[in-house]
Amino acid sequence: VKWAKENGLKGVLVPSDHQCSIVNLYERRLDPFWKACSDYGMPVHRHSAGVGPPETEDTGPAAIAIGVYETQLFFHRTLPHLMVGGVFERFPDLQFVMTETGAAWIPEELERLDWSIKLGAQKGHMAYPLYHRAVENMKKLPSEHWRRNMFVAPSLAVRRDLDALDAIGADRLMWGNDYPHHEGSFPHNRLAVRLL
């Protein structure tokens, strides 16, 4: 992180989860990394990726298709890992950008996370035994962490992403052109923005 900052880079990338390689972003062993990113003012980016193994005789022809389909499932894990896992509580200045993912799913996920935290903190609620140790010292709800610490940059924004703009926050939505990938809008970015 220090090298990246000193050499003029503007952020760092953490790999997406994969069926064969799960990294729990909330684990304390990553705290030195989060601290460095926070201390150096380096936003962390997570770019989606196909999450399946290659096609083999054992996996069959569906491996790649299922991996692509499950990309969003694995990508969605980012929010609870950072929020319920307390990463933003420990590093309140950390900035995190999710790229090459849609944005329309975020408001519903934040609402579910907020309710999980609220109910998990209530003694007597069935969620309490499962959540209270993780949430008892939380100062902010996931939706508050979203507004302070996170951004999303869809590389192929669609109308429903913009329909969710009020709930996401106009200051949280970034343009992602994903150059040079084929699914982005480059070299027609301005036309894509105008059409949206």
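**Close-up views of a predicted model**

**View 1. Ala62 in helix H3.** At 34% relative accessibility, Ala62 counts as partly exposed. The structure shown here and in the other views is a predicted model. Ala62 belongs to helix H3, which covers residues 62-69. Gly52 is ten residues away from Ala62 in sequence. In space, the two C-alpha atoms are 9.4 Å apart.

**View 2. Helix H7 and its buried face.** H7 runs over residues 106-120, 15 residues in total. From first C-alpha to last, H7 reaches 21 Å, close to the 21 Å expected at 1.5 Å a residue. Which residues of H7 are buried? They are Ile106, Glu109, Leu110, Leu113, Asp114, Ile117 and Gly120. Seen down the axis of H7, these buried residues fall within an arc of 145°, so they line one face of the helix. An α-helix has 3.6 residues a turn, so residues three or four places apart point the same way.

**View 3. H7 against H9.** Two packed helices are described by the angle between their axes and the distance between the axes. For H7 and H9, the axes come within 7 Å and cross at roughly 130°. On the H7 side, the contact is made by Ile106, Leu110, Leu113, Asp114 and Ile117. On the H9 side, Pro142, Ser143 and Trp146 take part.

**View 4. H7 against H8.** Here the axes are 8 Å apart, and the packing angle is about 100°. H7 is therefore roughly perpendicular to H8. Ser116, Ile117, Leu119 and Gly120 of H7 meet Tyr128, Tyr131, His132 and Val135 of H8.

**View 5. The buried face of H9.** Pro142, Ser143, His145, Trp146 and Asn149 are the buried residues of H9. Down the axis of H9, they fall within an arc of 160°, so they line one face of the helix. They pack against H5, H6, S3, H7, S4 and helix H11 (165-168).

**View 6. The largest nonpolar core.** This core has 33 residues. Which of them touch the most other members? Trp34, Leu79, Phe96, Met98, Trp146 and Met150 do. Elements giving two or more residues to the core are strand S1 (12-14), helix H2 (31-39), H5, helix H6 (87-90), S3, H7 and S4. H7 gives the most, with four residues. In soluble globular proteins, nonpolar side chains tend to be buried together.

**View 7. Contacts of Met98.** Residues up to four places away in sequence are not counted here. Met98 touches Arg46, Phe75, Thr78, Leu79, Trp105 and Ile106, among others. Its contacts also include Trp146, Met150, Phe151, Val152 and Ala153.

**View 8. Glu100 and Leu156, two loop residues.** Glu100 lies in the loop between S3 and H7. Leu156 is in the loop between S4 and helix H10 (159-163). The two are 56 residues apart in sequence, yet 7.3 Å apart in space, C-alpha to C-alpha. Is Glu100 buried or exposed? At 15% relative accessibility, Glu100 counts as buried. Most residues other than glycine have a negative phi. Glu100 is not a glycine, but has a positive phi of about 55°. Leaving aside neighbours within four places in sequence, Leu156 is in contact with Asp161, Gly176, Glu183 and Gly184.

Definitions and conventions: Residues numbered from 1 in each chain as written. Predicted model: local features only at pLDDT ≥ 70, side-chain atom pairs only at ≥ 80, totals over all residues. Heavy atoms only, no water. Expected span 1.5 Å × (residues − 1). Buried < 20%, exposed > 50% of the residue type's maximum accessible area, 1.4 Å probe, protein only. Arc of directions from axis to C-beta. Core = buried A, V, L, I, M, F, W, Y, C linked by side-chain atoms within 4.5 Å. Contact = heavy atoms within 4.5 Å. Axes fitted to C-alpha atoms, helices over the stretch in contact; angles between N-to-C directions. Parallel < 35°, antiparallel > 145°, perpendicular 65-115°, else oblique.
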